[in-house]
Amino acid sequence: MKKYTQKQIKELKANPYTLQVDDKRIFFTIEFKKVFWTKYQSGMSPRAIFKELNYNLDYFGQKQIDSIVQRVKKEALAGEFTEGYQRSKRMKIKEPELLNPEQTLQQMQHEMLYLRQEVEFLKKVLKKDKDP
């Protein structure tokens, strides 16, 4: 992973469309995302947009630009642009309910029957897809 130098960080921070930047990550303002999305939708290339918004293209690799495009697109399609670090926390795996042994056995049997039904359904779908 490419790291930003102190000079690059200073230059990136000076851009009004930069919300926050450190040696590994850059976060953009909502305004940047709105402008970027509008220009992208009108057919402008991501590199041309970055250049027009006064970003030095040497600071961004193609993979990073593609990632930014995908994040902006995802937020645009969700109908809301966000700022900063928005990673959602992973859901904890639900602990099994503590039931008496008879209830636990019934619950497990029910789950097993349900899973068998799902497997049979998937087999039928796969077989149908293979048959001409």
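User: Which pattern does the protein chain follow, read along the sequence?
Analyst: This is a predicted model: local features need pLDDT of at least 70, side-chain atom pairs count only at pLDDT 80 or more, and totals for chains, interfaces and linings use all residues. Residues are numbered from 1 along each chain as its sequence is written; side-chain values use heavy atoms, without hydrogens or water. The protein chain has five helices and two strands, taken as DSSP runs numbered from the N terminus (helices: H or I, at least four residues; strands: E, at least two). In sequence order, the pattern reads α-β-β-α-α-α-α.

User: What share of the 132 residues in the protein chain is buried?
Analyst: Buried means under 20% relative accessible area, exposed over 50%, and partly exposed in between (1.4 Å probe, protein chains only). By that cut-off, the buried share of the 132 residues is 24%.

User: Which strands do the buried residues of H1 pack against?
Analyst: In helix H1 (residues 6-14), the buried residues are Gln8, Ile9 and Leu12. They sit on the same side of H1 because their arc around the axis is only 100 degrees, taken from the directions from the helix axis to the C-beta atoms. On the other side, Gln6, Lys7, Lys10 and Ala14 are exposed. The buried set packs, by contact (heavy atoms within 4.5 Å), against strand E1 (18-21) and strand E2 (26-28).

User: Which backbone nitrogen does the side chain of Glu75 reach?
Analyst: Glu75 lies in helix H4 (residues 62-78). Its relative accessibility is 15%, so Glu75 counts as buried. Beyond its neighbours within four places in sequence, Glu75 touches Lys33, Glu80, Phe81 and Thr82. At 2.9 Å, its side chain reaches the backbone nitrogen of Thr82.

User: How much of the contacts between residues at least 6 apart in sequence joins residues at least 24 apart?
Analyst: The count covers the protein chain and takes contacts between residues at least 6 apart in sequence. Of these, the share joining residues at least 24 apart is 43%.

User: How much of the accessible surface belongs to carbon and sulfur atoms?
Analyst: Accessible areas come from the Shrake-Rupley method with a 1.4 Å probe; for residues, only the protein chains shown count as cover. The protein chain has an accessible surface of about 11000 Å². The part belonging to carbon and sulfur atoms is 55%.

User: Where is Phe121 placed, and is Phe121 buried or exposed?
Analyst: Phe121 sits in helix H5 (residues 101-130). Its relative accessible area is 54%, so Phe121 is exposed.

Conventions
Polar contact = N/O pair within 3.5 Å; in protein donor to acceptor, adjacent residues only side chain to side chain.
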